[in-house]
Structures are given as structure tokens and as C-alpha cells.
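The following exercises concern one protein chain. Each sets a task and then works through the solution step by step.

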Amino acid sequence: ARAYYARHPVVWSTAYDQHPLDTFARPPVTADELWMRLRAADITHVYTNFSEWRRLRQNYNYLLDIDNGALRTMLQERAREIHDAPVGRVWELNP
């Protein structure tokens with residue numbers, strides 16, 4: 001993790017930890033509910049690397065229990081992309 005470079009506190013995990021989204025995006029959840037849960041926890045940004053998540057799911061059973069559809073819909077409808085890089089994207093959640 002490169003949390004060291006973040007300007008504010010970061011919530012993150014490794015493939016061996018329980019991911020924070022296991023708490024916030026456990027089905028059944030709607031995109032709006034997910035956004036509300038994240039905002040209630042003072043989470044303002046989400047970093048995504050879907051290709052890495054896919055690899056970790058296949059090899060480590062990582063993030064199997066989250067609602068990917070709700071997450072993707074929430075990001076499209078309730079966040080704006082502020083950084084796009086070859087390895088991932090940073091989304092800022094709408095206030």
C-alpha cells in the first residue's frame with residue numbers, strides 16, 4: 001500500500017486482511033445505501049484497481065462477499081473520478 005503518500009487518513013487492507021468493503025458493501029445493499037455507509041464513516045475517497053481485485057478474488061477468495069454491482073453503480077452515480085492511472089482510479093465521493 002502506498003498510503004504513506006495520502007494527504008489524509010487511509011483505510012486499507014492487504015489480501016490477508018478483512019477488507020473494509022466487506023463491512024460496507026455486504027449484500028443486499030443498494031448503491032445509495034453503500035454511499036451512505038461510507039459517508040457515515042467519514043470516507044471521502046475510494047481507490048479502485050478492479051483488475052487486481054479480480055486476481056485476488058480468483059487466487060485468494062478476496063472480496064467474494066461484496067456487492068460489486070452496488071459498488072460500481074455507487075461510484076458512477078455518487079462519485080467523480082479524480083485520478084486515472086494504468087493501475088487504478090481514485091474516486092471522490094459526493095458530499
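**Exercise 1. Confidence**

In which helix of the chain is confidence lowest, and in which is it highest?

Solution. The model is predicted, and the chain averages a pLDDT of 88. A score of at least 70 is reached by 95% of the residues. Confidence is lowest in helix H3, residues 50–60, with a mean of 87. It is highest in helix H2, residues 31–40, at 96.

**Exercise 2. The surroundings of His19**

Is His19 buried or exposed, and which residues does it touch?

Solution. Step one: His19 lies in the segment before H1. Step two: its relative accessible area is 13%, and the cut-off for burial is under 20%, so His19 is buried. Step three: leaving aside residues up to four places away in sequence, His19 touches Ser13, Trp53, Tyr62 and Leu63. Of these, Trp53 is one of the buried residues of H3.

**Exercise 3. Aromatic pairs**

How many aromatic pairs are there? Classify each by its geometry.

Solution. A pair of aromatic rings is described by the distance of the centres and the angle of the planes. Rings pair if their centres lie within 6.5 Å, and planes over 60 degrees apart count as edge-to-face. By this rule the count comes to two aromatic pairs.

Step one: the ring centres of Tyr16 and Tyr60 are 5.9 Å apart and their planes stand at 80°, so this pair is edge-to-face. The pair links distant parts of the chain, with Tyr16 in the segment before H1 and Tyr60 in helix H3, 44 residues apart. Tyr16 is exposed, at a relative accessible area of 68%, whereas Tyr60 is partly exposed, at 38%.

Step two: Phe50 and Trp53 form an edge-to-face pair, with 5.3 Å from centre to centre and 85° between the planes. Both residues lie in helix H3, three residues apart, which is about one turn of the helix. Phe50 is buried at 19% relative accessible area, and Trp53 is buried at 11%.

**Exercise 4. Arginines over rings**

Which arginine lies over the face of Phe50, and which lies over the face of Trp35?

Solution. Over the face of Phe50 lies Arg72, at 3.9 Å from the ring centre. Over the face of Trp35 lies Arg78, at 4.0 Å from the ring centre.

**Exercise 5. Strand pairing**

In what sense does S3 pair with S1 and with S2?

Solution. Step one: S1 and strand S3 (residues 88–93) pair in the antiparallel sense over four bridges. Within this pairing, Val46 has Trp91 as its bridge partner in S3. Step two: strand S2 (residues 79–85) and S3 also pair in the antiparallel sense, over six bridges. Here His83 stands opposite Val90 in S3. Step three: S2 and S3 form a hairpin, with two residues between them.

Terms used: Residues are numbered from 1 along each chain as its sequence is written. This is a predicted model: local features need pLDDT of at least 70, side-chain atom pairs count only at pLDDT 80 or more; totals for chains, interfaces and linings use all residues. Side-chain values use heavy atoms; hydrogens and water are left out. pLDDT is the predictor's confidence in each residue, from 0 to 100. Buried means under 20% relative accessible area, exposed over 50%, partly exposed in between (1.4 Å probe, protein chains only). Contact means heavy atoms within 4.5 Å. Rings of Phe, Tyr and Trp (its six-membered ring) pair if their centres lie within 6.5 Å; planes under 30 degrees apart count as stacked, over 60 as edge-to-face and the rest as tilted. A charge sits over a ring if NZ of Lys or CZ of Arg is within 6 Å of the ring centre and within 35 degrees of the ring normal. Two strands pair if DSSP finds at least two bridges between them.
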